[in-house]
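Biologist: I'm new to this one, can you walk me through it? Show me the sequence and the structure before we start.

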Amino acid sequence: MSEAALRDVNKIPESERMNGGSNNGNIAKLHVESMNENVEEKQKKGICTLVDLPTERDGTENSGVEVANSEVEYIESENLKDVEDVGNCLKTLLSGLGSKNWVSVCDSLNNVRRLSIYHKEAIIDMLSDVISLIVKSLKNPRSALCKTAIMTSADIFRAYNDDIIDSLDPLLVQLLLKSSQDKKFVCEAAESALVALTSSVSPLLLLPKLQPYIKNRNPRIRAKASMCISRSVARLGGDGIEAFGIDKLVQIGASQLSDQLPESRDAARTLLLELQSIYEKSHVPEPTATSEEPVVASWEHFCQSRLSPLSAQAVLRVTNIAREGLILGS
């Protein structure tokens with residue numbers, strides 16, 4: 001720089017020179033804020049736009065200003081169309097699910113959903129490998145990929161029902177975790193997948209899988225597990241409850257009545273009211289030899305004989321209040 005030019009630069013007030021840099025920073029900040037608002041709005045509409053910095057050949061981030069946009073659309077199950085070429089889709093399915101390119105993985109996950117809906121028999125032999133790769137995507141910190149994997153899990157539950165039970169454990173723990181996190185759109189998708197699970201898989205098979213999670217250290221996971229158990233028991237019916245063991249179910253309900261979160265306590269109350277109704281319907285009074293008056297094995301006596309005094313008292317308080325409410329309302 002010439003001496004004249006240097007003198008001209010030095011004549012510029014310090015505040016103006018600093019403001020120039022500050023303005024550039026403000027422009028960049030506004031650009032980022034605008035992008036964040038657009039991402040949030042698109043997530044509400046079912047579209048996720050993610051911005052990645054382009055990388056150099058050695059894998060390092062490019063410091064340039066240009067960015068590449070990638071959009072992932074969250075397609076509801078009823079809007080998924082059939083794959084064009086089933087054979088080719090099957091050949092590339094596992095490699096696509098294991099790809100390092102997250103957009104390619106999302107495409108492959110949607111293909112799993114399509115195959116589950118339109119060609120469920122086609123992937124039955126590779127289902128175990130497919131589920132392992134879905135679990136990998138569920139663990140991915142990228143929200144768009146995680147949500148697509150959650151939606152894939154829900155479609156698999158609806159398509160394969162009880163056939164999924166042997167491969168369920170790693171899926172179940174991830175869905176309980178995701179349904180317990182703070183990111184709302186991921187949490188809602190995971191809750192929907194758990195509803196699909198409890199409405200698709202036989203309660204007698206599912207309940208033993210859910211039981212360990214009501215003792216989990218995370219109160220949110222306990223609450224989600226309690227809600228799943230309550231929904232599953234509602235599908236059991238009287239015969240199913242007797243087959244599983246009403247004693248075990250009463251103990252599960254009693255243990256959750258004093259849990260930390262209201263969702264867990266509400267699920268326990270719903271469960272116990274269902275059990276009380278089934279118990280009283282199944283225990284028909286029978287007259288004794290010494291008296292014409294029927295002897296009823298009461299719900300109160302049953303709870304007191306199966307639970308600790310404090311637990312029995314808590315259960316009876318809940319079920320008696322509900323009964324009194326029904327009598328007053330009638």
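A walk through the model

Modeller: Let's start at one residue: S108 sits in helix α4. Keep in mind that this is a predicted model.

Biologist: Okay, is S108 buried or exposed?

Modeller: S108 counts as buried, because its relative accessibility is 8% and the cut-off for buried is under 20%.

Biologist: And which residues does S108 touch?

Modeller: Leaving out residues up to four places away in sequence, S108 touches L93, G96 and L97.

Biologist: Let me zoom out for a second. How many helices and strands are there in the protein chain?

Modeller: The protein chain has 14 helices and four strands. It runs to 330 residues, and 38% of them count as buried.

Biologist: What share of the contacts join residues at least 24 apart?

Modeller: Taking contacts between residues at least 6 apart in sequence, 64% join residues at least 24 apart.

Biologist: Back to L97, then. What lines the second largest pocket?

Modeller: L97 is one of the lining residues, and others include G98, W102, V105, K136, N140 and R142. The elements giving two or more residues to that lining are α4, residues 102-118, and α5, residues 127-138.

Biologist: What volume does that pocket have?

Modeller: The second largest pocket comes to about 150 Å³.

Biologist: How many cavities of 30 Å³ or more turn up?

Modeller: A search of the whole structure gives one. The largest cavity has a volume of about 40 Å³.

Biologist: New topic: helix α9. Which of its residues are buried?

Modeller: In α9, which covers residues 203-210, the buried ones are P203, L206, L207 and L210. Looking down the axis of α9, they fall within an arc of 105°, so they line one face of the helix.

Biologist: What covers those buried residues?

Modeller: The cover includes α7 (168-178), α8 (184-200), α10 (219-244) and α11 (246-256).

Biologist: Can you pick one of them and tell me what it touches?

Modeller: Take L206, in helix α9. L206 counts as buried because its relative accessibility is 0%. Not counting residues up to four places away in sequence, L206 touches I165, L168, L197, T198, V201 and S232.

Biologist: What about D166, is it buried or exposed?

Modeller: D166 is exposed, with a relative accessible area of 73%. D166 lies in the loop between α6, residues 143-160, and α7. Its C-alpha atom is 9.8 Å from that of L205, and the two are 39 residues apart along the chain.

Biologist: Let's talk rings. How many aromatic pairs does a search of the whole structure find?

Modeller: It finds four. In one of them, Y74 and F185 have ring centres 6.3 Å apart and planes at 40°, so the pair is tilted.

Biologist: Where do Y74 and F185 lie?

Modeller: Y74 is in the loop between β2 (68-73) and α3 (86-97), while F185 is in helix α8, so the pair ties together parts that are 111 residues apart in sequence. Y74 counts as buried at 6% relative accessibility, and F185 counts as buried at 13%.

Biologist: What lies over the face of Y74?

Modeller: That's K147, at 4.4 Å from the ring centre. Elsewhere, the charged end of K120 sits over the ring of Y160, 5.6 Å from its centre.

Biologist: Which residues do ring pairs link into a cluster?

Modeller: Y279, W299 and F302.

Biologist: And which residues are buried in helix α13?

Modeller: In α13, residues 299-306, W299, F302 and C303 are buried. They cover an arc of only 95° around the axis, which puts them on the same side of α13.

Technical notes. Residues are numbered from 1 along each chain as its sequence is written. This is a predicted model: local features need pLDDT of at least 70, side-chain atom pairs count only at pLDDT 80 or more; totals for chains, interfaces and linings use all residues. Side-chain values use heavy atoms; hydrogens and water are left out. Buried means under 20% relative accessible area, exposed over 50%, partly exposed in between (1.4 Å probe, protein chains only). The arc is that of the directions from the helix axis to the C-beta atoms. Contact means heavy atoms within 4.5 Å. Rings of Phe, Tyr and Trp (its six-membered ring) pair if their centres lie within 6.5 Å; planes under 30 degrees apart count as stacked, over 60 as edge-to-face and the rest as tilted. A charge sits over a ring if NZ of Lys or CZ of Arg is within 6 Å of the ring centre and within 35 degrees of the ring normal. On a 1 Å grid over the protein atoms alone, a cavity is a set of points where a 1.4 Å probe fits but cannot get out, and a pocket is an open set with protein on both sides within 12 Å along at least five of seven lines; lining residues have an atom within 4 Å of a point. Grid points are joined across faces, edges and corners, and a volume is the space filled by probe spheres set on the points.
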